[in-house]
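Please keep the model open while reading.

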Amino acid sequence: MLHAAVISPQPMTRIAMQRESQDHPEHGVRIGAAAGTVAELLEQGPLEAPVVLLSMDTLDGRSTAQNIADLTAHDHAVVVLASHTDVARVRSALAFGAAGAVGKWEPIRSVFRTMRLACQLGDFVSDQLQSALASLPDRSPAKLSAREREVLTHYVEGLQEQEVAAKLGIAESTVEEHLKRIRRKYALVERPARTKLELYKRAIEDGVVPPVLPLA
């Protein structure tokens, strides 16, 4: 039996997942801990949950990258639960270290199956979600370093170069160099980001910052 946890801002989702796992042991997954955010789950202390099912719309103001990093740092494998509007960001979630992904619209047995296989294989996307991803235009995430993501986050959230430098304790010229490298990396994957607004859109698309409004 695979012990797991679930993070979702919707209480009914958490309750339904826990009940289903308890009432139907044939799924092979037992969901014990549940929370609305990553921080709430981690506050519960050490958990017997090798896998955490993470809703991509946690509404906690944190990016997908931050949430995955926090969970993997505590040795949890992460399976992201994506809505139809999240599909374009699933590739980035996998690039940030998620072990698997499954769609919210899929039968609950598919969700549990994905959790089991992601734990076993370390990399598994449900069949339906793979089909949804295949229908999207090819959009590879830029391979940004942790420091580049940090600089990008502060910059697109409204700080100027000198303010980013002061916040991170680095030289303004270093910030400028990071931004140049970030733009080059987006150009390499054919997703140019010449302006600050384009950088902001790329950061949302890649899960570096949480979305505020749907992108056109």
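## Basis and a first check

Is aspartate 70 buried, exposed or partly exposed? Aspartate 70 is partly exposed, at 28% relative accessibility. Buried means under 20% relative accessible area, exposed means over 50%, and partly exposed is in between (1.4 Å probe, protein chains only).

The model is predicted: local features need pLDDT of at least 70, side-chain atom pairs count only at pLDDT 80 or more, and totals for chains, interfaces and linings use all residues. Residues are numbered from 1 along each chain as its sequence is written, and side-chain values use heavy atoms, with hydrogens and water left out.

## Salt bridges

A salt bridge is a side-chain nitrogen of Lys or Arg within 4 Å of a carboxyl oxygen of Asp or Glu. The count by this rule is 9 salt bridges. One of them joins arginine 62 to aspartate 70, with the closest N and O atoms 2.4 Å apart. Arginine 62 is partly exposed, and its relative accessible area is 30%.

Helices (H or I, at least four residues) and strands (E, at least two) are DSSP runs, numbered from the N terminus. Arginine 191 and aspartate 206 form a salt bridge at 3.0 Å, N to O. Arginine 191 sits in the loop between helix 9 (172-188) and helix 10 (196-205), and aspartate 206 in the segment after helix 10, so this pair ties together parts that are 15 residues apart in sequence. Arginine 191 is buried at 5% relative accessible area. Aspartate 206 is also buried, at 3%.

Arginine 202 and glutamate 205 form a further salt bridge, with closest N and O atoms 3.4 Å apart. The two are 3 residues apart in helix 10, about one helical turn. Both arginine 202 and glutamate 205 are buried. Salt bridges with shared partners link Arg191, Arg202, Glu205 and Asp206 into one network.

## The sheet

Two strands pair if DSSP finds at least two bridges between them. The open sheet has 6 strands in the order 2-1-3-4-5-6, and the pairing is parallel. Strand 2 (29-35) and strand 6 (124-125) are at the edges. Each has a single partner strand, so one side of each lacks a neighbour in the sheet.

Strand 1 (residues 2-7) pairs with strand 2 in the parallel sense, over 5 bridges. Within that pairing, leucine 2 has valine 29 in strand 2 as its bridge partner. Strand 1 also runs parallel to strand 3, joined by 4 bridges. Here alanine 4 stands opposite valine 51 in strand 3. Strand 3 and strand 4 are parallel too, with 5 bridges. Serine 55 faces leucine 81 of strand 4.

How many residues of strand 3 are buried? The count is 5 of the 5, so strand 3 is largely enclosed by the rest of the structure. Both of its faces are covered. Val51, Leu53 and Ser55 are buried on one side, and Val52 and Leu54 on the other.

## Helices on the sheet

Contact means heavy atoms within 4.5 Å. Axes are lines fitted to C-alpha atoms, for helices over the stretch in contact, and angles run from 0 to 180 degrees between N-to-C directions. Helix 1 (residues 11-23) lies across strand 1, strand 2 and strand 3 (51-55), at about 155° to strand 2. Helix 5 (residues 108-121) packs on the sheet and touches strand 1, strand 2, strand 3, strand 4 (77-82), strand 5 (100-103) and strand 6. The direction of helix 5 makes about 170° with that of strand 5.

Angles under 35 degrees count as roughly parallel, over 145 as roughly antiparallel, 65 to 115 as roughly perpendicular and the rest as oblique. The axes of helix 1 and helix 5 cross at roughly 80° and come within 11 Å. That makes the two helices roughly perpendicular. Met17, Glu20 and Ser21 of helix 1 meet Ile108, Val111 and Phe112 of helix 5. The residues of this contact divide into 4 nonpolar, 1 polar and 1 charged. Ala, Val, Leu, Ile, Met, Phe, Trp, Tyr, Cys and Pro count as nonpolar, Asp, Glu, Lys and Arg as charged, and the others, Gly among them, as polar.

Helix 4 (residues 87-95) packs with helix 6 (residues 127-134) at about 105°, with axes 9 Å apart. Helix 4 and helix 6 are therefore roughly perpendicular. Val87, Val90 and Arg91 of helix 4 make the contact with Leu129, Ala132 and Leu133 of helix 6. By class, the residues of this contact are 5 nonpolar, no polar and 1 charged.
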